[in-house]
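Thanks for coming, everyone. Let me put the model up, and then we'll walk through it piece by piece.

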Amino acid sequence: MEEAQELKERGNRALAAGDVGAAVGHYSAAIARDPNNHVLFSNRSAAYARLGDYGRALADACRTLELRPDWAKGYSRKAAALEFLQRLEEAKATYEEGLAREPGNEQLLQGLRGVEARLAERKLLNPFSAPDLLARLEADPRTRGLLGDPEYRRLLETLRSDPGQLGAKLQDPRVMTTLSVLLGVELSGAEEEEEAPSPPPPPPPPPSQPPPAEELPQNKQEAQKEKELGNAAYKRKEFPAALEHYTRAEQLDPTNMTYVTNQAAVYFETGEYERCRALCERAIEVGRENREDYRQIAKAYARIGNSYFREERYKDAVHFYNKSLAEHRTPDVLKKCQQAEKILKEQERLAYIDPDLALEEKNKGNECFQRGDYPQAMKHYSEAIRRNPHEARLYSNRAACYTKLLEFPLALKDCEECIRLEPTFIKGYTRKAAALEAMRDYTKAMEVYQRALDLDPSCKEAAEGLRRCVRGQQQRSEPPEELRRRALADPEVQQIMGDPAMRLILEQMQKDPQALSEHLKNPLIAQKIQKLMDVGLIAIR
């Protein structure tokens, strides 16, 4: 028994520190040594609820009540798990069963009020979920006849199970009629006959005194006073005094999570982030047990995220920001989460940079390019760019692959990045001009070739490209028939066009342009298509 007690204490400490997985392990080990201890099952139920494993939380809560049927905390645990599982009617019955055994239990009373409010809200938001739905429709002559229609029955079932579809169904007159019956109001519009004018409204009654506010119990009043004293000290940055008041407030009213989160705020300001997070976790547990407003739960998760952000532990910060947003979505937390994600992404990108590995990938890409395996070469060059994104020649090499694969817009984009990184690198200009030339944009291609010649007047590649563009512009002015006649006079073109396989490929390209990418993986086919483009028989944009 002593060993089980020690394991229980370890579990409690782990739970308070936010290490929920370890807490479950300690409680499970304690249960193995003392399987009839209801407190151990209750504590493990709370830990499972913290993990979001509400099925196991419910099972442990049920075991707690089997061992100790008169213990109010067991009913609270079971009802909370049922609420998380959206089994609200069962949760309400559990709260009522607990109150039958302990009528004055404040925790059970608060839980019952909370679940009753949620049930009322659910019924108000979805009148089709009313348990007496069919009886009410049968009793009204406007809907009695509709119940014999199987399609109408299916419509009712759809709106009962998925109230989100109600907006899309409002054009259906059957839905409007049904809503009129269920809500007790006329939704069909004004009558065609003119109505008699309404009598003037009666004079307003004399103002009455508002009912007196329900007086808080003495301990809660004293707790509020301590909180106010703590707030005043916090604003003056007298953090030890603020902490003392907030701690006293929690001792007076341990069911209010705000007093715990206020203590966490003090530790956040003093830079004691581990203690801040442990208190926020405990505050969330208190809030869950006492059916606290989900916005307060969200604030506690956000503060944990902020503490990790301060420590530049952005991955953990994103995790808890997302937990906060799942409870309640606010612009401030969303902005902070996006900021952390952006920093995290940039850190990962920078950590990936390795010039030595980039060189290895570049060499592999060169080998593939020499073999004519342009898709594989492109993959190696892309990996090299990720490893060293500031090396201009890598973009130039990948642009050459894109050009071979007739992906000219992508080739242009890489050439422009290459030129931006190294404005004096001639290859960046000649490859950009070649892509423009292949796209028959001779004017722009000539401009880029000329810029290459301005940098290096002896560049033969640029000079030859410039002459080709001039000839291309001249040929463009020729009639299409003359251009085709001259192209077909070329023996190489005749051989290509006489190949049945190539003719079939060209027909596929005409019907399905996406087929081109697959054919270009074959270096021989890519070379033949390039030749047909050079002589002007085909054009690819």
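Start at leucine 406, in the loop between H22 and H23. Helices here are DSSP runs of H or I with at least four residues, strands are runs of E with at least two, and both are numbered from the N terminus.

Some ground rules. This is a predicted model, where local features need pLDDT of at least 70, side-chain atom pairs count only at pLDDT 80 or more, and totals for chains, interfaces and linings use all residues. Residues are numbered from 1 along each chain as its sequence is written, and side-chain values use heavy atoms, with hydrogens and water left out.

Back to leucine 406. Its phi is positive, about 65°, although the residue is not a glycine. Is leucine 406 buried or exposed? Leucine 406 is buried, at a relative accessible area of 6%. Buried means under 20% relative accessible area, exposed means over 50%, and partly exposed is in between, with a 1.4 Å probe and protein chains only.

Arginine 440 is another one to look at. It sits in the loop between H24 and H25. Arginine 440 is buried, with a relative accessible area of 18%.

Now the overall picture. The protein has 31 helices and zero strands. It has 541 residues, and buried ones make up 41% of them. Take the contacts with a separation of 6 or more: residues 24 or more positions apart account for 52% of these. Contact means heavy atoms within 4.5 Å.

Next, the cores. In soluble globular proteins, nonpolar side chains tend to be buried together. A nonpolar core here is a set of buried Ala, Val, Leu, Ile, Met, Phe, Trp, Tyr and Cys residues joined through side-chain atoms within 4.5 Å. The largest one has 42 residues. Which of its residues touch the most other members? Leu406, Phe408, Leu520, Ile529, Leu532 and Met533 do.

A second, separate core has 35 residues, among them Phe239, Leu243, Tyr267 and Ile284.

Zoom in on leucine 532. Leave aside its neighbours within four places in sequence. Leucine 532 then contacts Val493, Ile496, Met497, Leu506, Leu537 and Ile538.

On to helix packing. Two packed helices are described by the angle between their axes and the distance between the axes. Axes are lines fitted to C-alpha atoms, for helices over the stretch in contact, and angles run from 0 to 180 degrees between N-to-C directions.

Take H24 and H25. Their axes come within 8 Å and cross at roughly 165°. That makes H24 roughly antiparallel to H25. Angles over 145 degrees count as roughly antiparallel, under 35 as roughly parallel, 65 to 115 as roughly perpendicular, and the rest as oblique. H24 passes H25 in a left-handed crossing. Left-handed means the near helix is turned anticlockwise from the far one by less than a right angle; clockwise is right-handed. By class, this contact has 11 nonpolar, one polar and four charged residues. Ala, Val, Leu, Ile, Met, Phe, Trp, Tyr, Cys and Pro count as nonpolar, Asp, Glu, Lys and Arg as charged, and the others, Gly among them, as polar.

Now H13 (residues 218-235) and H15 (residues 258-269). These axes come within 11 Å and cross at roughly 15°. That makes H13 roughly parallel to H15. H13 passes H15 in a left-handed crossing. On the H13 side, the contact residues include Ala223, Lys227 and Tyr234; on the H15 side, they include Tyr259, Ala265 and Glu269. By class, the contact has five nonpolar, four polar and two charged residues.

Stay on H13 for lysine 220. Lysine 220 is buried, with a relative accessible area of 15%. Beyond its neighbours within four places in sequence, lysine 220 is in contact with Gln110, Asp253 and Thr255. Its C-alpha is 6.8 Å from that of leucine 252, 32 residues apart along the chain.

Last stop, arginine 50, in helix H3 (residues 38-51). Arginine 50 is buried too, at 13% relative accessible area. Leaving aside neighbours within four places in sequence, arginine 50 contacts Leu15, Gly18, Val20, Glu281 and Glu285.
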